Amino acid sequence: MTNNWITTRAWFLMLPLLIVMVAIIGWPLFDTVRLSFTDAKLVGTAGNFVGFENYVRILSGPNFQRTLITTFWFAVLSVSAEMVIGVLAALLLNQQFYGRSVLRALMILPWALPTVVNATLWRLIYNPEYGALNAALTQMGIIGAYQSWLGEPGTALASLIVADCWKNFPLVALIALAALQAVPRDITAAAMVDGAGAWSRFRFVIMPYLAGPLMVALVLRTIEAFKVFDIIWVMTRGGPANSTRTLSILVYQEAFSFQRAGSGASLALIVTLLVTILAVAYAALIRKSAGVS
Amino acid sequence: MLKSVQTALLGATLLGAALFSPAHAETKINALFMAQAAYSEADVRAMTEAFTKANPDISVNLEFVPYEGLHDKTVLAQGSGGGYDVVLFDVIWPAEYATNKVLTDVTDKITPEMKSGVLPGAWTTVEYDGKRYGMPWILDTKYLFYNKEILEKAGIKAPPTTWAELAEQAKTIKDKGILATPIAWSWSQAEAAICDYTTLVSAYGGSFLKDGKPAFQTGGGLDALKYMVDSYTSGVTNPNSKEFLEEDVRRLFQNGDVAFALNWTYMYNMANDPKDSKVAGKVGVVPAPGVEGKSKVSAVNGSMGLGITSTSKHADEAWKYITFMTSQATQNQYAKLSLPIWASSYDDPAVAKGQEELIAAAKVGLAAMYPRPTTPKYQELSTALQQAIQESLLGQAKPDAALETAVQNSGL
Amino acid sequence: MERRSLAATIFVHLAALLLLAVILAPVLWLFVMSISSTPDLIAKPLHWWPDTVDLSRYGVLLSSVANSAGQAFVASLFNSIKVAGMATIAALIVAIPSAWAVSRTPSVGWSLYAVIATYMLPPVALAVPLYMALSWLGLLNNVFGLALVYLTILAPFTTWLLKSGFDSIPREIESAATMDGARLDQILRIITLPLAAPVMATAALFAFLLAWDEFFYALLFTSDQRAKTLTVAIADLAGGRVSDYGLIATAGVLAALPPLLIGLFMQRALISGLTSGGVKG
């Protein structure tokens, strides 16, 4: 068989996927771009061409900047907490202890819990009047009186991050654990004989094995955190005083609650652009770290 | 041979017709309701069952969403051909729904008996630009509920008649150590907060709009927000009010954890039900108070109506259903959680039985109902106001500055 | 395993206990809430275990009485199964041939990266045109429409997972069969696909879980029992419309059960999928 024929055959086999992708991703994306230059309403009017007006209005408005910052903090804090706790949990699960296989199996539970159920569960736990968190903390004497977790701007975002982190750190832990199990035992043993301390063993012997998989997990989690919608929608709807309103919530509000499809589309594209920049930066980072190690 | 095929075909056709014709005669309509306050989900299901029993050729699919989802669901379903036929809508949406052609104009379908029998205040719920977009169904306003036992314990003889008095009485209860935070409100970042705010705006004689331009940032509008902030910072209001919706307020009140609560009609009979409530028999209700020199009582128009969507293919059946749901007979039968729209019902002893106090409060409160602004951009205005209220409560902005920001964000 | 001091052993066990508590406590609490009576749930101090176990809510939610809250819940359960099932099958149908093609023909690999890159797109960037298109096709509030939309998420993901699965099957087996004169469809059917069965199962599980979990599109594109999925039904319950915390918790338990069981019993397959995808990128 000639190379030409093999390539043609490959394209042919890919045809169904490509058609589907063009139809349900490519075309909608293109249409979003078109809409973003119009003042179209969601239902009814097709809208007129308005040039960059939507973009100018959004970028200069007060909501966008504030929402971007909120999204940024949510993504950075939740993802870094997930990474740190996940790696620590993986290191622990790689030790010898009673019931290790059971605990390893249970790690999948939070990850398997649907996001909406997770959000609902934590909303109940955070309830200011009857919630389990207040009850537990008061009964242990850690806080003196019941307090509001999702109603205070100071704690609302942090509470959301805890809920998000609880669900997602096990994923990082499981990925890291699999990587740890690939570290040849004689290497760590040799490092010990050489008198390397725990930290330097982790940093120079184990870390190179972890870096690749963790980097991928980091990219995926960051992109997901940047797009976050459901956990916030269920737990706070962006409140209190819009302190937990993220970009996706803002787009929903603009395009669907206010029915301004045009400016909603331009806002969505700005978000897309930001995520793309982020991903490209990460990709460069991965390539660099791969080149080094 | 050919003949036998024909016979078989004919037989099959007849059989098919016999099997399927009942299904064809039956019209299915889809209705969207909320289950949050007013009629309970069980009530709506029971009313609907009575309707389908009386009209076996129509079946009704019911869909319940929280109030927060009601507007968006209605609007989003516009795009689907087989969407809802009947939708519940809040008093604030006819302007937008009429402008965007979400609802059908039913002005011509309304009979003279309906016109004269329904309270004039209820009609404002469904009107925009001189046309009617449905039938009023829930006639509701926020009342001041109080716990008689707690007031007695604090030595308070009568419930407050002004907002200042409410603050004083709450302070008395707090100072006597009966409750740490005696008042509960629904001030979550949601429409519920706007309803509480509107009640206060009406008490302080404020107005939302003047000649289509925002006017809430001065006068009564500003005083109303200042009252909320004072009540919050002085510690007489449960600080968690800022994340409460109506149901949270009800749970607290039923548990005896607050002495005062602003809530809709439905709380009266729910809080008086000994099965779920610890305060049954101790529930007092009065119209929301007034402000000395400005008003005797205050009230927000929190009514809702039932309308036919413009995409409905079964407008006649839908209207039949609506007339049944809003009929005096149905409304009188289910008058425990929501009071009827019909004027004569209020003098019907069967309706008043067991809830005389509520009816008395309703007669005063319903007459004083104050509207939220009528504008197609209501959603944006409301969102901006919600933010202003929350920022002021949380001390992130002074009330006047917060309202100024709301003016800019209101889209008006 | 190197030797450990006693202190280190105790520390490891304590840390493991802590991790166990962190993982289990919220899940267990969800279950306890679902079987507690309302007075137990709003008691102060809170009752960590109900005085009387109340299973009635499971009956309420799983009842099939016409036009009841239970019927609505069960309908959403079936919608979730239908939508997730159809989307998973459709995703595998388009993903298997393309994943194989990319795995065996590196020269077309770049197109796969283009497909995977769509993962970065936030759903909000596609939502408005998808809404309008579904509306035009009459597929709003329709399980087929929703399943079609879910392909935007599932297809790239499963292709990616399957490609790394095919990569691990040696090409030599296939070329040997080619020499023996087997046709492509025969090779795939008799040799490659059976070998790839485990990774296909993993991909299917992942796809199913992703679809089961989806909320945003379901919120926008469904409006009632005919298509509304579980995630939206639960968000509706939690969104202030039900005051019985126990009922919300029960709905949560029921919605979580299928993925939790898949997670626990298919553990090995899922983790191998995660790590092979993770390690090889």
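The following conversation concerns a predicted model of a complex.

Me: How confident is the predictor in the complex?
Reply: The predictor assigns the complex an ipTM of 0.89 and a pTM of 0.90.

Me: And what is the mean pLDDT of chain C?
Reply: The mean for chain C is 87, and 94% of its residues reach 70 or more.

Me: Where in chain C is confidence lowest, and where is it highest?
Reply: Confidence is lowest in helix α14 (residues 267–280) of chain C, with a mean of 63. It is highest in helix α1 (residues 6–35) of chain C, at 94. Where pLDDT is low, the predicted coordinates should not be read in detail.

Me: Turning to contacts, how many residues of chain A touch chain C?
Reply: In chain A, 76 residues are in contact with 76 residues of chain C. Helix α1 (residues 3–36) of chain A supplies the largest share of that side, 17 residues.

Me: What classes of residue make up that side of chain A?
Reply: The side of chain A that touches chain C has 60 nonpolar, 12 polar and 4 charged residues.

Me: What about chain C and chain B?
Reply: Here 19 residues of chain C are in contact with 29 residues of chain B. Helix α12 of chain C gives the most to the chain C side, with 4 residues. By class, that side has 6 nonpolar, 10 polar and 3 charged residues.

Me: Which parts of chain A are annotated "transmembrane region"?
Reply: An unreviewed UniProt entry gives that annotation to several spans of chain A, including residues 204–223 and 265–285.

Me: Are those two helix or strand?
Reply: Residues 204–223 of chain A are 100% helix, with end C-alpha atoms 28 Å apart. Residues 265–285 of chain A are also 100% helix, and their end C-alpha atoms lie 30 Å apart.

Terms used
Residues are numbered from 1 along each chain as its sequence is written. Chains are lettered from A and ligands numbered from 1 in the order in which they are written. This is a predicted model: local features need pLDDT of at least 70, side-chain atom pairs count only at pLDDT 80 or more; totals for chains, interfaces and linings use all residues. UniProt positions are given in the numbering used here, feature names are shortened, and annotations may be inferred rather than shown by experiment. Two residues are in contact if their C-beta atoms, placed from the backbone, lie within 7 Å. Ala, Val, Leu, Ile, Met, Phe, Trp, Tyr, Cys and Pro count as nonpolar, Asp, Glu, Lys and Arg as charged, and the others, Gly among them, as polar. pLDDT is the predictor's confidence in each residue, from 0 to 100.
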